[in-house]
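Have the sequence and the 3D view side by side.

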Amino acid sequence: MTAPTAPPELVQLLTPEGERVEHPDYDIDLTAEEVRSLYRDLVLVRRVDLEAVALQRQGELGLWASLLGQEAAQVGSGRALTDADMAFPTYREHGVAWCRGVDPLHLLGLFRGVNHGGWDPYEHNFHLYTIVIGSQTLHSVGYAMGIQRDGAEAATIVYFGDGATSQGDVNEAFIWASVFNAPVVFFCQNNQWAISEPLEKQSKIPLYKRASGFGFPGIRVDGNDVFACLAVTRAALRNAREGQGPTLVEAFTYRMGAHTTSDDPTRYRVADELEAWKLKDPIERVKAYLFKNQLADQEFFDKIDAEADQLGKDLRARCLALPDPQPGAIFDHVYVEPHALLAEEREQFTTYLAGFEGAQ
Ligand SMILES: Cc1ncc(C[n+]2csc(CCOP(=O)(O)OP(=O)(O)O)c2C)c(N)n1
Ligand SMILES: [Mg+2]
């Protein structure tokens with residue numbers, strides 16, 4: 001089964017060969033320094049991801065959901081956010097987390113099973129990872145309606161996959177956002193697969209076209225083009241902040257790795273498909289652009305590679321040094337106030353654990 005290739009209606013500002021192209025509605029004016037820093041983010045994020053996959057393979061993480069291939073969609077959209085905006089991720093948004101300033105160690109701690117949730121969502125306006133497919137779209141719309149009532153000059157962005165668009169929650173979120181004109185950007189990373197289920201089993205029409213039925217604009221962007229993802233998301237967020245309501249952005253991309261480290265994609269998709277998408281790699285095209293326009297030299301690329309190596313090394317060492325939590329800590333953050341049922345459960349668990357004392 002082969003996934004469809006991107007039709008011409010998608011917004012693209014940088015071709016896979018690294019050529020800049022114009023678009024009548026979306027443009028972006030980036031300095032050489034800004035392009036170099038986008039490139040750096042893409043490379044470092046990919047390196048964090050690779051290190052995490054390796055750690056899982058060595059038994060140091062329970063699971064990892066790789067973002068390989070989706071770096072541009074995440075860095076482009078993540079860099080479009082202001083500090084005041086709030087992001088609601090799935091379980092794969094490591095690149096967005098990076099752009100928000102979340103220490104990747106927290107992501108690893110979550111998948112190592114040694115922290116209970118991950119991080120403080122308000123510290124970087126980056127909500128906790130959500131595994132229940134699509135549920136975060138409702139959370140984000142509720143949040144957006146809240147900040148709308150507060151009169152805040154901020155928007156909300158919510159990430160979800162192509163598979164999630166078939167969930168009731170996502171469709172309900174679309175309706176609420178539409179009728180209340182909520183300041184939210186629905187950012188769908190269409191990576192062509194929902195585990196082993198191909199896109200054609202989710203929709204007969206391009207996903208971005210769904211938006212019109214709900215009464216708000218939808219747009220398809222080349223999800224492997226960091227310039228286009230930045231430009232389109234920036235515009236959608238600005239519209240949301242200015243009171244023009246929601247937008248659905250479909251970032252047309254590809255999940256180059258397995259769904260998670262527990263999955264084997266060779267069981268359900270052909271190798272040719274991956275090879276075709278490798279030619280559209282999100283990092284290579286920025287590198288080609290920088291080279292061609294003499295905005296960076298070999299020394300720059302070597303420096304970024306060395307930085308990535310160091311980042312991977314440090315992250316690995318810090319991950320292995322993470323302390324295991326006390327077993328009872330799982331009860332600590334369930335409720336803010338004491339709760340009778342929870343106290344009883346904690347008591348039972350403590351008694352249960354005490355039963356092992358002295359045992360080999
Ligand atoms: C409500 C719910 N149903 C099923 C699952 C199991 N599940 C985990 S990931 C996934 C596929 C999601 O695909 P997609 O939305 O395309 O996101 P992607 O993983 O491709 O980024 C499913 C069905 C779940 N986590 N939650
Ligand atoms: Mg998917």
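A residue is called buried when its relative accessible area is under 20%, exposed when that area is over 50%, and partly exposed in between. Keep in mind that this is a predicted model.

Start at the metal. Which residues coordinate the magnesium ion (ligand 2)? They are Asp162 (OD), Asn191 (OD1) and Trp193 (O), at 2.1 to 2.2 Å. Along the sequence, these donors follow the spacing D-x28-N-x1-W. Aspartate 162 sits in the loop between strand 2 (156-161) and helix 6 (168-179), while asparagine 191 sits in the loop between strand 3 (184-190) and strand 4 (193-194), so the pair ties together parts that are 29 residues apart in sequence.

Are these two residues buried or exposed? Aspartate 162 has a relative accessibility of 1%, so it counts as buried. Asparagine 191 has 5%, so asparagine 191 counts as buried too.

Now look at glutamine 192. This residue lies in the loop between strand 3 and strand 4. Its relative accessibility is 0%, so glutamine 192 is buried. Its backbone deserves a look as well. Most residues other than glycine have a negative phi. Glutamine 192 is not a glycine, yet its phi is positive, about 80°.

Next comes ligand 1. It is surrounded by 15 residues, and the closest are Tyr91, Arg92, Gly163, Ala164 and Trp193. In one, an oxygen atom of ligand 1 lies 2.7 Å from an N or O atom in the side chain of arginine 92. In another, a nitrogen atom of ligand 1 lies 3.1 Å from a polar backbone atom of isoleucine 133. There is also an oxygen atom of ligand 1 at 2.8 Å from a polar backbone atom of tryptophan 193. How much of ligand 1 does the protein bury? Taken alone, ligand 1 exposes 580 Å², and the protein buries 71% of that.

Turn to helix 10, which covers residues 282-292. Its start has a cap. A side-chain oxygen of aspartate 281 lies 2.8 Å from the backbone nitrogen of isoleucine 283, and this caps the N-terminal end of the helix. Which residues of helix 10 are buried? They are Pro282, Ile283, Arg285, Val286, Tyr289 and Leu290. Seen down the axis of helix 10, these residues fall within an arc of 165°, so they line one face of the helix. The spacing of such residues has a simple background. An α-helix has 3.6 residues a turn, so residues three or four places apart point the same way.

What does the buried side of helix 10 pack against? Its buried residues pack against helix 1 (32-57), helix 2 (71-80), strand 6 (218-222), helix 8 (226-241) and helix 11 (298-320).

Phenylalanine 291 also belongs to helix 10. With a relative accessible area of 38%, phenylalanine 291 is partly exposed. Leaving out residues up to four places away in sequence, phenylalanine 291 touches Ala296, Gln298 and Phe301. After the helix comes glutamine 294, with a positive phi near 50°. Glutamine 294 lies in the loop between helix 10 and helix 11. Its relative accessible area is 72%, so glutamine 294 is exposed.

One more loop is worth a visit. Asparagine 125 is in the loop between helix 4 (104-112) and helix 5 (135-150). Its relative accessible area is 13%, so asparagine 125 is buried. The side chain of asparagine 125 reaches the backbone oxygen of aspartate 85 at 3.3 Å.

Aspartate 120 lies in the loop between helix 4 and helix 5. With a relative accessible area of 40%, aspartate 120 is partly exposed. Its side chain reaches the backbone nitrogen of tyrosine 122 at 3.0 Å.

End at serine 212, in helix 7 (residues 210-214). Is serine 212 buried or exposed? Its relative accessibility is 58%, so serine 212 counts as exposed.

Notes. Residues are numbered from 1 along each chain as its sequence is written. Chains are lettered from A and ligands numbered from 1 in the order in which they are written. This is a predicted model: local features need pLDDT of at least 70, side-chain atom pairs count only at pLDDT 80 or more; totals for chains, interfaces and linings use all residues. Side-chain values use heavy atoms; hydrogens and water are left out. Donors are N, O and S atoms within 2.8 Å of the metal (3.2 Å for Na, K and Ca); water is not among the atoms, so sites may look incomplete. Helices (H or I, at least four residues) and strands (E, at least two) are DSSP runs, numbered from the N terminus. Buried means under 20% relative accessible area, exposed over 50%, partly exposed in between (1.4 Å probe, protein chains only). The arc is that of the directions from the helix axis to the C-beta atoms. Contact means heavy atoms within 4.5 Å. A polar contact is a pair of N or O atoms within 3.5 Å; within protein, one must be able to donate a hydrogen and the other to accept it, and residues adjacent in sequence count only if both atoms are side-chain atoms. A residue is near a molecule or strand if one of its heavy atoms lies within 4 Å of it. Accessible areas come from the Shrake-Rupley method with a 1.4 Å probe; for residues, only the protein chains shown count as cover.
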